[in-house]
Structures are given as structure tokens and as C-alpha cells.
Amino acid sequence: MIRKHLKGTIRQLASIWCQPRRLAHSAPKEAPKMPELSGKVAPQPVAQAAAKKPAKPGKDAKKGGRVKIPPPKGSLTNDKTTFGPLKDVDRIFQNLYGRHDWRLKGACLRGDWHKTGDILEQGPDWIMEQIKKSALRGRGGAGFYCATKWEFLQKVKSEKVPKMLVVNCAEGEPGTCKDREILRHEPHKLLEGILLAGVTMGCGRAVIYVRNRFYNEACNLHYALAEAYHHGLVGDSACGTGIKFDIMVQRGDRYLCGEETAMLNCLMGKLGRPRRRPPFLTEKGYFNHPCLVVNAESLSVLPTLLRRGPRWWTGLGRSYNAGTKLFCISGQVNNPCTVEEEMSMPMREIIERHAGGVQGGWDNLLAVFPGGLSTSLLGPEAAGGVMMDFDCLEAAGSGLGCGSIIVMSKDCDPLAVMHRTIEFYEEHTCKQCTYCRDGAIWLPELFGRFATGQAHPHEIDWTSVIADTIRNSRPICALGISQAVTADSMVQMFSEQIKERIVKYAEGSQ
Ligand code: SF4
């Protein structure tokens, strides 16, 4: 009954909103400038849309646009033009596939905990200086400069309650399996990174949030943490420096807990759903403790970066997109895998070298999510020339996200994939924000009709109207925006297939 009533309301509202109908597919005048690379990069509709409507700081940021954050002062640059494959000597995660001992003995043989005490004795300012020079960017999705973000907490004075570092190992994004590999095969890298980052920010303790269903991974982490305490690597005098630093592990489960305020709510025993800021986490995050949430991969690369220096780090990848990155390749490829590669390596080369290529060959490629479900789709031409780094993918109208490449070949039914993808958001919205909640009801209904061909052609434009409405509504967390971006990009990419399906259905029913 309620559903029937909703359908009627949707139709009425959409017919009002569509006057005058938005020209969602009108061709823009200028294509975005792509970074130069061996292959040519053809601009896609999505990239063109991005060029047409660049995010402006302030006004657009409120509407869901991205504010461009400048790199930290003193960041090193390079003038490299070719990227990847990564040499073994530059590999940070040497036990990514669990072929060696993940316990302390094996980790120490691979260089973990080497002279960590000496690094700590250099002082927080020296460590922060190295992070600034390296222009390290967060590996969790947003690509924020770590030094800029971490300095927020470093500058907070908190004498009554210690500052806290919260480590994000929630990893619920479809197609992503990198933090999980770190937890089960490289837990000591993570613990060492937490200690270094925590001390740099002036924290006294850290909490690692691990997803509940990562049972074996949490067991390995607990074991590694016990080893670290037993050998004095953390605790009352971490690595013999006299610095007190404690780490604890807490578990919870919900996709939305990957969002930092939802995660903190969950850690505090509340319902795991996002909350509006202020108060900001650096003021009052975990109970009354000022805190910051940092992704596991960003922390795990830190010890090697500090040991080898920012010059080495910025020698990998393009300027301001430096270092190595874990890429998770899934979908219709011959060999789905998680692999560490140099940043800025061409996407096509990563897929062909590590995942055995697209099923049926590169010409069989239909589209790619370059950074997980929440990033805009790229067509075969753009995917053939784009480099896997923050700036190049942003220029192409998409994003690096968490580095999860999800491949769709021409053998799949793109409209069924669209429907399933948008249902994912329906399952995970927390229903606090009206437009995110309503979008999560309407979009799956629309996409279901697209998949069967029972939609009306003008409903294709409704998606853009709904997506824009969600974007402009200032939802509390990024899930609302992700839903809008994904829906819009999928409809723009597959509008021809939707029309064909509608015609087919109409012909079949005549
Ligand atoms: S945007 Fe969606 S998921 Fe995020 S808080 Fe609002 S309703 Fe919840």
C-alpha cells in the first residue's frame, strides 16, 4: 500500500521536476586536459561533465563538490614519464600473499621494526617534515594529504584526556580487499605504522576498528599485538624510548561504519550511523578524546617511507601522487587479485600484467569502475589511457577511491549490473537524510524498470534529476553522494542500452 502510494508520488514529483527537462546528455564544449601518456586518452561523457562543472571551493563544496586541497609546503616532485612495473626492491608489502611467516620473527626478517626507536627519537616534528616532503596521500578513498590532516590533531592541545588514533579496517566497499591482506599477512607493518603516526600526532593510544567478519584477520592482529607488547615494541616504553603508547583492537560490523563518525559511534557502543559535524573529531571524537581516523594502508606504508626517506617515495609515481599502492582487481578479468604497484601506472597495463587481462581480450571491455563502486564508470577508451592515480582519474571524471578496479566485459548485462549496484546503496543507507533515503527507494525502482525494459524513455532523465537533488541536499555522509554519482555515471554510460531494452520490451509486448 505504502509502496503504491510512493510510486504515485514519485511520478507526480518527477513530472514537476522535469519541467523544463534537464539536458543530461548534451555535449559539452571542452574536453578536460588529460596528463600526457604513451596512449591517447579519449574524454568520456563523465569526464566532460566534470570539466563543465568544476567544483568551486566554498559554494560547490556545500553541494557535494570536492574542494581542491593544495599539497603541503616543501613536497618533493619528480619529472618521470613512465611508471611501473614496480621493482621487487621497492615493494613495501613483501608478504602480501602470505607465503612467508607473518609473525614477529618473519616480519623482522623483512625489515619491520628496524630502528623504529631511532626514528621515534628524531621527534614528531622531524617525522611530520618527512611526511610533508613525501606528499603522502591517504589510501582510504579521499586522497587527502596525510601531513595536512595529521597536523590538525598534532596541533590540538589536550592535557586532561589523551588524544587517540583510530585505525580504519572496516573495508566493506565491494571489490576491495587490501586492508584485509594487511591484517592477515602484514600485521606488524600496521602496528609499527600506528606507533609512528600516533606518536607524531601526540596520541597516547590507538584503537583499531576491525570488521566483525574478518575473524581470522582479527586473530592474527591480536597475536601480533601480543608479540609487540611482549617484546616491548609498544606499551609503557615503546621500543625502549620511554614513550607510552597503547594499542587496542575493537570489532564491529556495518558497511556504514567505514565512515569515520559512524565508526566512532560504533566504537562507543552507539548505533553505527554517521553524525553531523561539528563537533569535529579533533575536538571531541572518541568519547571526550580528540581523535583522527586513518586508513590501515596509509599507516602501513609509513615505516618504510620513513626508513627509506621521502626522496625514494617521491621517485615512484607522478608528483603529488607518489609512492606505491595496493590495487584490487576484480570483475570480468582472468585472474582477480590484489597487487602492489607503482602509482600512476596505466590502468590497462595493471589489468593485463597482473589480472591476466579482460575476459575475451581488451576489445571485449565494456566499462570499468576504477576505484570501487563509489567512483564513476570509465568507458574502454578512457580506461585504455588513464593512469591509476588521484589526479589523472579525477581529470577523467572519476576517482582513485580505494584502488579497486572492477571490470565489466561485453559479456555481462550492464543493466542487471546497474540494478544490483544501486540495490547495494538501498541496503546500506541509514535513512537519516531524507534525500539519500528517498533516492535509495526510487533509484532501485527505476533501475529495475531499466533492466526489464518496462521504463518510459523520459525516466532516463529522472536519474539525473534525482542524483542532482541528492547532491544538492548536503547529506551527512558520502554515501548519499556516492549513490548519486554512481547512478548518474551508469545511466550516462548505458543510456543507449536502456533505450534499446525499452524498445525491445515494447516490440515484444505488441
Ligand atoms: S547520506 Fe545516507 S547513509 Fe549517510 S547519513 Fe545520510 S541517510 Fe545515512
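This is a predicted model: local features need pLDDT of at least 70, side-chain atom pairs count only at pLDDT 80 or more; totals for chains, interfaces and linings use all residues.
At 15% relative accessibility, E259 counts as buried. E259 has a salt-bridge partner in R277, with their closest N and O atoms 3.1 Å apart. The two sit 18 residues apart, E259 in the loop between β3 and α11 and R277 in the loop between α11 and β4. R277 itself, at 31% relative accessibility, is partly exposed.

In total, the count comes to 30 salt bridges. Here are three of them:

| Pair | N to O distance |
|---|---|
| R277 and E259 | 3.1 Å |
| D88 and R91 | 3.0 Å |
| R501 and D413 | 3.0 Å |

Within the second pair, D88 is exposed, at 62% relative accessibility. R501 is partly exposed at 23%, and D413 is partly exposed at 31%. Elsewhere, R110, D112, E186 and K189 are joined in a network of salt bridges.

Now let us turn to two helices. The axes of α19 (residues 434-452) and α20 (residues 459-471) come within 10 Å and cross at roughly 165 degrees. Angles over 145 degrees count as roughly antiparallel, and α19 and α20 are therefore roughly antiparallel to each other. The crossing of α19 past α20 is left-handed. Residues making the contact include W442, L446 and F450 of α19, along with W462, I466 and I470 of α20. By type, the contact residues divide into 10 nonpolar, 3 polar and 2 charged.

Conventions: Residues are numbered from 1 along each chain as its sequence is written. Side-chain values use heavy atoms; hydrogens and water are left out. Axes are lines fitted to C-alpha atoms, for helices over the stretch in contact, and angles run from 0 to 180 degrees between N-to-C directions. Helices (H or I, at least four residues) and strands (E, at least two) are DSSP runs, numbered from the N terminus. Angles under 35 degrees count as roughly parallel, over 145 as roughly antiparallel, 65 to 115 as roughly perpendicular and the rest as oblique. A crossing is left-handed if the near helix is turned anticlockwise from the far one by less than a right angle, and right-handed if clockwise. Contact means heavy atoms within 4.5 Å. Ala, Val, Leu, Ile, Met, Phe, Trp, Tyr, Cys and Pro count as nonpolar, Asp, Glu, Lys and Arg as charged, and the others, Gly among them, as polar. A salt bridge is a side-chain nitrogen of Lys or Arg within 4 Å of a carboxyl oxygen of Asp or Glu. Buried means under 20% relative accessible area, exposed over 50%, partly exposed in between (1.4 Å probe, protein chains only).
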